[in-house]
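Here are my notes on the model you sent. Please read them with the structure open.

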Amino acid sequence: MFNDLRITPSILNADHTNLNAEIAKIAKDSDLVHLDIMDNLFVPNLTWDFAAAEKIIADCPIPVDAHLMINDVDRIALDYARAGAGSVTIHIEASKSPMQTFRSLRKIGARAGMALKPGTEIELYSDLLNEIDMLLIMTVEPGFGGQKFMTDMMNKVRRSKALIGDRPIWIQVDGGVSMETIAIAREAGADTFVAGSAVFNSPDPGEMVKMLRHRASDL
Ligand code: DX5
Ligand code: ZN
């Protein structure tokens, strides 16, 4: 029925010493690879620096969906776009000039994404909806994989979908997405699903991506 959906596995909890092999397990069944960038300031965790991220983007056989959980994000976001990320998402809480950043991202050729932490309401930023290609609604507090899906964010997903109307903006959820929760998010209106531990803790990550897609398409 509704097939316009995307699965974007997060490699945060994959084996970082063997990333190309980890990505190879999921690439053919996935739409984009979700890359979580953390600076130990915006969130209390640290992941890849830009040089390492640039290499991951260059080596990745499918487009990278960069999720930037970093302070002073506006300048570096453009570097991710120039490095070839298919989609670059900035947290609205970390941006000083979001409109300008979204416009520059699109000009460079990346999809522009706006992320909201659980405590941030969409209504404050509805004027930016014309500037973005994806809205990321966090379903955990950003920082770590393996947390519990916040079902109470589904109200925000529904309100966002109504505000978006017929604009071609993807609605992504990130955090705690699994075979149990993906249907809840899909029913609320999400169409783009990050799954980290559900995919990489599974004995067959590629198969899990297919199963998640099937579960979300089933509705
Ligand atoms: C958390 C990250 C997520 C994380 C999701 O801040 O943004 O992308 O990797 O991991 P799971 O699916 O395990 O919640
Ligand atoms: Zn993420």
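1. Basis. This is a predicted model, in which local features need pLDDT of at least 70, side-chain atom pairs count only at pLDDT 80 or more, and totals for chains, interfaces and linings use all residues. Residues are numbered from 1 along each chain as its sequence is written, chains are lettered from A and ligands numbered from 1 in the order in which they are written, and side-chain values use heavy atoms, with hydrogens and water left out.

2. The shell. Ligand 1 has 20 residues around it. A residue belongs there if one of its heavy atoms lies within 4 Å of the molecule. Gly143, Gly146, Asp174, Gly196 and Ser197 come nearest. By type, the shell holds eight nonpolar, ten polar and two charged residues. Here Ala, Val, Leu, Ile, Met, Phe, Trp, Tyr, Cys and Pro count as nonpolar, Asp, Glu, Lys and Arg as charged, and the others, Gly among them, as polar.

3. Strands at the site. Strand S2 (33-38), strand S3 (64-69) and strand S8 (192-195) each supply at least two shell residues. S2 gives the most, with three. Strands (E, at least two residues) and helices (H or I, at least four) are DSSP runs, numbered from the N terminus.

4. Which backbone and side-chain atoms lie by the oxygen atoms of ligand 1? Ser10 places a polar side-chain atom 2.8 Å from a ligand oxygen. For Gly143, a polar backbone atom is 2.7 Å from an oxygen atom of ligand 1. In Gly176, a backbone N or O atom lies 2.8 Å from a ligand oxygen. The protein covers 99% of the 380 Å² of accessible area that ligand 1 has on its own (Shrake-Rupley method, 1.4 Å probe).

5. Pro61. This residue lies in the loop between helix H2 (50-59) and S3. Pro61 counts as exposed because its relative accessibility is 60%; exposed means over 50%, buried under 20%, and partly exposed in between (1.4 Å probe, protein chains only). Pro61 and Asn20 are 41 residues apart in sequence, yet 9.3 Å apart in space, C-alpha to C-alpha.

6. Positive phi. Two residues deserve a look. Asn40, not a glycine, has a positive phi of about 65 degrees. Asn40 sits in the loop between S2 and H2 and counts as partly exposed, because its relative accessibility is 45%. Asp72, also not a glycine, has a positive phi of about 45 degrees. Asp72 lies in the loop between S3 and helix H3 (73-82). At 54% relative accessibility, Asp72 counts as exposed.

Methods
A polar contact is a pair of N or O atoms within 3.5 Å; within protein, one must be able to donate a hydrogen and the other to accept it, and residues adjacent in sequence count only if both atoms are side-chain atoms.
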